[in-house]
Amino acid sequence: MGAEGGPVRVALVGPAHPYKGGGARHTTELAHRLTAVGHPTVIESWLAQYPALLYPGTQTLDSGEGEPFPGTRRHLAWYRPDGWLRAGRRLAADADLVVLTVFSPVQVPAYLGVLAGIRGRTRVVALCHNVLPHERRAVDVSLMRALLRRCDAVLTHTPEQARLARGLVGGRGDVRTAALPPHLPTHPPSHGPPDRPRPSDTDAADGVRRLLFFGLVRPYKGVDVLLRALAAGPPDVHLTVAGEFWGGPAELAALAADLGVADRVELRSGYVPVEDMAALFAAADAVVLPYRSATATQNVWLAHEHGRPVIATRTGGLPDHVREGVDGLLCAPGDTIDLARAITEFAAGDTAQRLRRGVRPVDPEPYWRSYLDTLLA
């Protein structure tokens with residue numbers, strides 16, 4: 001570590017631009033924040049992160065979703081174990097603190113290679129966006145246990161995730177919790193700031209309420225529950241599902257047809273670039289997050305950034321960011337009837353306008369101060 005109270009040389013190992021999504025944005029924003037408070041930082045990123053078989057979609061973007069971090073190296077590749085070892089040796093020589101950003105057990109073999117190169121010569125923290133996947137395989141627990149027990153500390157984003165981590169390290173490790181701070185997608189400076197739609201205080205001319213599900217579509221996110229709740233709710237509510245569909249949209253399209261709501265559901269398959277987000281959110285009255293389970297997500301804050309209230313389930317960090325009856329509504333996870341109740345309540349009377357008036361963009365600074373303090377403690 002650096003001298004007491006002095007700068008710490010930090011190396012973040014994880015995805016950064018041109019990789020897309022919240023993980024790359026978080027790693028990049030973390031590097032900027034560490035540098036801004038005086039800690040020299042580099043990002044050890046990926047030339048090739050996953051085999052295409054394991055990630056059925058485009059992994060990188062031509063344009064960024066924020067300001068790229070200049071101190072980014074892109075040498076790691078899933079097919080070069082020798083590169084994992086070399087990276088570890090380089091980090092052991094150059095860094096006081098190595099932070100492994102963990103999203104999936106798929107990363108574990110590469111990270112074990114990095115740790116083999118470090119050989120205990122510098123402090124290592126596993127920054128776990130997910131301690132274990134929402135949709136688990138038998139091998140996932142063994143892989144994550146092997147990784148976390150070799151790290152000096154583990155940083156998680158919710159108390160529930162901290163409990164999972166303590167179970168894997170056997171109660172002997174340094175397991176910390178800090179709320180995931182905002183790292184919302186923005187245009188790079190050369191593009192200028194995105195246009196933000198103004199929240200409307202008037203009803204839609206056609207009397208229809210429009211809901212938006214936004215993000216990667218996977219089973220644990222409960223879009224099937226949302227479709228069933230839509231069918232059980234009022235008929236003047238429409239839904240757009242926008243994002244990449246894990247395995248394709250055919251199954252959900254068939255479910256919508258079976259439920260008789262296909263004419264009220266738009267499935268927009270494909271990654272939504274930052275320049276298209278303002279129009280997408282402007283067309284919606286609310287964002288719906290019907291997750292069966294969650295760790296932490298940016299989508300509540302992203303909705304609020306665009307002036308939209310949120311209907312969300314009480315799981316993971318979601319209820320921490322929704323003020324019930326003020327800027328959103330909450331319901332039970334995996335519960336079609338309760339979600340239909342929340343949708344019905346939202347569509348009734350002046351509820352939509354009242355909740356829109358309660359929406360405020362998040363202030364990121366307190367979250368980031370606490371996060372950096374916990375990471376560097």
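A: Here is a walk through the sheet, strand by strand, and then the helix on it. This is a predicted model, where local features need pLDDT of at least 70 and side-chain atom pairs count only at pLDDT 80 or more, while totals for chains, interfaces and linings use all residues. Residues are numbered from 1 along each chain as its sequence is written, and side-chain values use heavy atoms, with hydrogens and water left out.

The sheet is open and has six strands, in the order S10-S9-S8-S11-S12-S13, with parallel pairing. Strands here are DSSP runs of E with at least two residues, helices are runs of H or I with at least four, and both are numbered from the N terminus; two strands pair if DSSP finds at least two bridges between them. At the edges you'll find S10 (265-269) and S13 (328-331); each has a single partner strand, so one side of each is left without a neighbour in the sheet. On average, neighbouring strands are turned by 20° against each other, direction ignored.

Now zoom in on S11 (residues 286-289) and S12 (residues 310-313): they run parallel and are joined by three bridges. Across that pair, Leu289 sits opposite Ala312 in S12.

Then there's helix H11 (residues 336-347), which packs on the sheet and touches S8 (209-214), S9 (237-243), S11, S12 and S13. Touching means contact, with heavy atoms within 4.5 Å. The direction of H11 makes about 160° with that of S13; axes are lines fitted to C-alpha atoms, for helices over the stretch in contact, and angles run from 0 to 180 degrees between N-to-C directions.
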